[in-house]
Amino acid sequence: MRIATTSYRDGGSIPVVLLHAFPIDHRVWDDCAQALIEQADAQGFEPFPIYAPDMPGAGESPVPSMQDTGAVDDDGAYAEAMDNMARAIVDQVLTANGHERAFFVGISMGAYLALAIHRLFPQAVAGLAIVDSKSANDGPEARADRIRIAHECWETHSVASVMHFAQPHEGDSDFKKSDTFINTFTRWINEQTPAGVAWRELMAAGRRDETDQLEALRVPAGLVSGERDPSSNPAMMRTLAPLMRNTHVDFTQIDDAGHFSCFEKPREVAAALLITYRRVCDEQMRLHPQGDDVDAALAPFTSATADGGESDGGDAAAPTATASDATPVFRGSHLISPIAMIQPLTRLPLAQDVVDDRTADREKPGFLDEIMADRATQVFLVSHGLVAVPKASRANPRLAMLPADYVADAIKQAHGAVVMFMGTHTVGGRHHNYVAVDISRSMDAAPDARHVSADNDFGTIADDSSAHKLMFAELASKRFDWCDLRDFAPAAPSLDAGLAVRAVSLGAWHASQRFCPCCASPVEPANCGWAQRCTNKADGNRLLFPRIEPAVITMVIDSHDRVLLQHNTAFRGNLYSVCAGFVESGESLEHAVRRECEEETGVKLADVKYMGSQVWPFPASLMAGFVAYAQSEDVHVDGVEVADARWMSRDDLTAAIARDEVTLPGRAAIARYMLSQWYGKEL
C-alpha cells in the first residue's frame, strides 16, 4: 500500500509523526503542527522533522488492493489491514527519510495505529502519545455498525453515512459548535472518497485490542484528552495511565475540547505534546550522547586544539576556549540541560485535597453542632498520627467512617478528644461532610525540636501499639485497625488520603501545643478545630493558628545526567535519598536549597527548578521539592548529618538496588516521586 505524507518541516532531531483520525485526513493536524513549530522554536528545541501521513484511503493515499489489505474476516472486517498500514508507515515515513526512531502521536484511530507500530516495531518508537482515544477494540455492535457504514458508502457512492462527525451535539465544545468547525469538517469529509471511507471502516472493525501495548511501553508517553469528548473523556482516559506502569505518563486535560482536540485547541495540544517530547529528547541524549560519551562531546570546548592549545595557522595563538563551571557547553543544541526535562510533580500521596474547605463557615457560632447533626456527615478517627481503617483492609485501605449522629453523644463524653471539621465533598449534586476526631491522649512531653529534622521525610513508621491503648466510646481500638499515614496515603483513594493528611496534621498540632506560647495559659480548640483560643481573658483570649515548618528537598543532577544520592546519619540501614533541610529564618527557598546542598555534600548548585510540594505532618513540615543542576561534581560530605553521598547513573542505581546496596524512600515521600521521574518510570 502507498502512503502519501505531508512534511511540515525538516530538522536533525527526533522526528514527530502525527497520525490522524477517522473520517478525515492529515489536515486535522495542520494548525497543531504549526503551533508545535512555533512553541518548539520559542523554547529552544533543535529543529525536528514533523510528518503527517495520510492513512490508506484518506487524503492523497489511494485505497489499497486486496492483496495489500490482507486477510478478511467472515463478516467482512479487514483482520490484517491495521498491521499492514503500520508496516507501510514505518517503511515509507521513517526508513525512507533516513530515520530509525520517531515520536508517534495518534488521535482517535491514529492512536491505535501508533500502538500497532509499537507492537510490531518497538525499536522504532522513541515516544508515544495518545490523543482522544482508548486502546480496546470495538464490541460486537460497534463492529457491525462499521461494517454497515462501509457497505452504505459503497452502495450509495457517498460519504453521507459519516457526515455526523461534522455536526455539533449537546455538550460539545464551543468551537465544535462554530461555523468554522462545521464548514471545515464538512468540506474535509466531502473530499474523502466513499471507497476510502469504507476501507478505513473495515480496517477499524478488524483492528485488535491494543491494551497489552500500554504495559509494554518503556518509552516516554503522554495522554491528551478533550474535556468534552463523549467517547474518550478525561475520566475514561485516566484509566489508561495505571496500565502504562513501566513508563512515566504525562496526562493533559484540554478544557472545552471534544474528540478532535488537536483541531479544536491546537496550541494547547501542542504544548502538551512538547512536554512529552522533551522527555523523548532526554532519553535520546541518555542512550545516544554525542561522541563516545559526554566528556568526548565536551572536549573540543575545553581546550583550543587537541595538541595543547596552539593555533594551526596564523602568527598569533588562538585564545584558549574553556567551558563555564556553571554551564557546561555541549556540541549540538539537542543536548539540553537535564533539569530542563524534569516536569512538575502532578500527583503526590500527601497532596490530594479534593474537599471544599468552607473556611468562612468555621468561625460561625454553632456551625460544628449543625454539621454533626447533619445526616450527610461522616466521622473518622485519628490517634497519635494513625488513622482508623476497617478491619483487614490494610491492603486496600480506606477510612473507617461512622455516621455523625451515631457517635455524637460519645464524642461529647470523650475526655480530651479534639473534633475537627475537614470539609465538604460534592458528588453528583450531593454534599458529604467529613469530621475527624483525634483521640490521642495528652502527651507526656512536647517533642524536642533538637530531635526533629527534615530528614524525617524518610523516617520510620510510628509504633501503632499506642493506638491499641486508646479508646473512643470503648470500641475504637477493638472495631478498627490503625494505619500509619505513610502506608495509608499512597494506597488510599484521593478523598481519603486528603482527609487523613489534614486530620493527622491538625491532630499533631493540638497534641503538641497545649498552652498559649505567649502567656502559658491552657488553650482550647476553636474554629472547628482549625485554631486554638487562649483561655486567659486578661490577655485577650488570643486566637492561635497552626505553624508550618517549611523544608526544601532537592534532587541534584550533573552534566552526565547522574543523580546525587546521600545516606544521612539519621537513616536506618542502607537508605539513600536526596538532599533535604529546613528553611532558616530570613532565607528564601532557593537559598535554602543551595545552602543545604553545599553544607551537607560540598556540591555547589547552578540552576534550581521547582517541582512540587506536599505536607509532611511528622510533625508539621511542608516539603517543597526542587531539582537543581550541579555546578561542581566533587563530593565532600560533612560527616555529621551525611555519612555518604555518591553520583549514580540509572544503570548504577538499578545495579545497587539489585545488590541490596541501596534502598529508596517510601511511597509516601516526595523524594520517591522525584527520583522516579528522573529514572523514567516508577521505582
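Which residue forms a salt bridge with Arg208, and how far apart are the closest N and O atoms? The partner is Asp212, with the closest N and O atoms 3.1 Å apart, where a salt bridge is a side-chain nitrogen of Lys or Arg within 4 Å of a carboxyl oxygen of Asp or Glu. This is a predicted model, in which local features need pLDDT of at least 70 and side-chain atom pairs count only at pLDDT 80 or more, while totals for chains, interfaces and linings use all residues. Residues are numbered from 1 along each chain as its sequence is written, and side-chain values use heavy atoms, with hydrogens and water left out.

**Salt bridges**

By this rule the count comes to 34 salt bridges, and Arg208 and Asp212 also belong to a network of salt bridges that links them with Asp83, Arg119 and Glu210.

| Salt bridge | N to O distance | Relative accessible area |
|---|---|---|
| Arg208 and Asp212 | 3.1 Å | Arg208 32%, Asp212 40% |
| Arg562 and Asp558 | 2.7 Å | Arg562 22%, Asp558 0% |
| Asp41 and Arg9 | 3.4 Å | Asp41 41%, Arg9 15% |

Strand β1 belongs to an open sheet of seven strands with mixed pairing, in the order β1-β3-β2-β4-β5-β6-β7, two strands being paired if DSSP finds at least two bridges between them. Because β1 (5-9) and β7 (249-254) stand at the edges with a single partner strand each, one side of each is left without a neighbour in the sheet. From one strand to the next the twist averages 20 degrees. The pairing of β1 with β3 (residues 50-53) is antiparallel and runs over four bridges, and in β3 the bridge partner of Thr5 is Pro53. Helix α1 (residues 30-42) packs on this sheet, touching β1, β2 (16-19) and β3, and its direction makes about 30 degrees with that of β1; contact means heavy atoms within 4.5 Å, and axes are lines fitted to C-alpha atoms, for helices over the stretch in contact, with angles running from 0 to 180 degrees between N-to-C directions.

**Aromatic rings**

Rings of Phe, Tyr and Trp (its six-membered ring) pair if their centres lie within 6.5 Å, and planes under 30 degrees apart count as stacked, over 60 as edge-to-face and the rest as tilted. By this rule the count comes to 20 aromatic pairs. Phe181 and Phe185 form a stacked pair, 4.4 Å centre to centre with 20 degrees between the planes; being four residues apart in helix α6 (residues 179-190), they are separated by about one helical turn. Phe181 counts as buried at 0% relative accessibility, and Phe185 likewise counts as buried at 0%. The rings of Trp188 and Phe263 have centres 5.1 Å apart and planes at 55 degrees, so this pair is tilted. Since Trp188 lies in helix α6 and Phe263 in helix α10 (residues 261-264), the pair ties together parts 75 residues apart in sequence, and both Trp188 and Phe263 are buried. One aromatic cluster includes Phe181, Phe185, Trp188 and Phe263, together with Phe22, Phe165, Phe175 and Phe260.

Technical notes: Helix = DSSP H or I, 4+ residues; strand = E, 2+ residues; numbered from the N terminus. Buried < 20%, exposed > 50% of the residue type's maximum accessible area, 1.4 Å probe, protein only.
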